[in-house]
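We will walk through them together, one feature at a time.

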Amino acid sequence: MSRTLLVLAVLVLTGGFALLNWTAFATPTPLYLGFTTVEAPLGLIMLCLVALLSVVFVIWAISLQATLLMEQRRLNKDLQAQRQLADTAEASRFTELRSFIAAETLRISQSSEQTRAALVQRMEQLEDRQRLAFEQNANAIAATLGELEDRLERGQPVGGMALADRPRF
């Protein structure tokens, strides 16, 4: 903005200078063009060259600004596309993480269920063995008691001595 104001100020000052000195600008002078000599007002020619350069400069500045705007628009579109791509990738990672966590939770749950089933089965086997051992012990004790009762009824010695030979307390 300040550059534009500076250029406009220079153009206004140049135009004011030309108006104040118009007679000097319009006075014809002999000019050598390299192959011939012509008579023309040098100030007016120089003033036209300044105007032409100013127009060329303004066109160049406008084209430069348009090019920069188009480049900025293209970069903004690219940036937006990259943001969208990053958002999509992030959403994909979240979805992948969610499915991984669900799969791991299911695997752990199944593993826990299998472990629990194996533990229950093992406990049932141990209970069956313990019950069988108790039954065998009870049967052995009952058989031993029955045998002792039979011996006592017959009067046979228990533990190597006859019942009558045992000391009484």
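**Salt bridges and a hairpin**

By the rule used here, the count comes to 6 salt bridges. Keep in mind as you look around that this is a predicted model. A salt bridge here means that a side-chain nitrogen of Lys or Arg lies within 4 Å of a carboxyl oxygen of Asp or Glu.

Let's begin with the strands. Strand 1 covers residues 28-32 and strand 2 covers residues 37-41; the two run antiparallel and are joined by 5 bridges. To see one of these pairings for yourself, find proline 28, whose bridge partner in strand 2 is proline 41.

Now move along to helix 3, which spans residues 42-154. Here you can look for glutamate 104 and arginine 107, whose side chains meet in a salt bridge with an N to O distance of 2.9 Å. How far apart are these two residues along helix 3? They are 3 residues apart, about one turn of the helix. Glutamate 104 is partly exposed, with a relative accessible area of 26%, and arginine 107 is also partly exposed, at 45%. If you wonder where such labels come from, partly exposed covers the range between buried, under 20%, and exposed, over 50%.

Next, find glutamate 147 and arginine 151. In their salt bridge, the closest N and O atoms are 3.1 Å apart. Glutamate 147 and arginine 151 are 4 residues apart in helix 3, which again is about one helical turn. Is glutamate 147 buried, exposed or partly exposed? With a relative accessible area of 43%, glutamate 147 is partly exposed, and arginine 151 falls into that class with 27%.

To finish, look for a group of three residues. Glu71, Arg74 and Asp78 are linked in a network of salt bridges.

Key: Residues numbered from 1 in each chain as written. Predicted model: local features only at pLDDT ≥ 70, side-chain atom pairs only at ≥ 80, totals over all residues. Heavy atoms only, no water. Pairing = 2+ DSSP bridges. Buried < 20%, exposed > 50% of the residue type's maximum accessible area, 1.4 Å probe, protein only.
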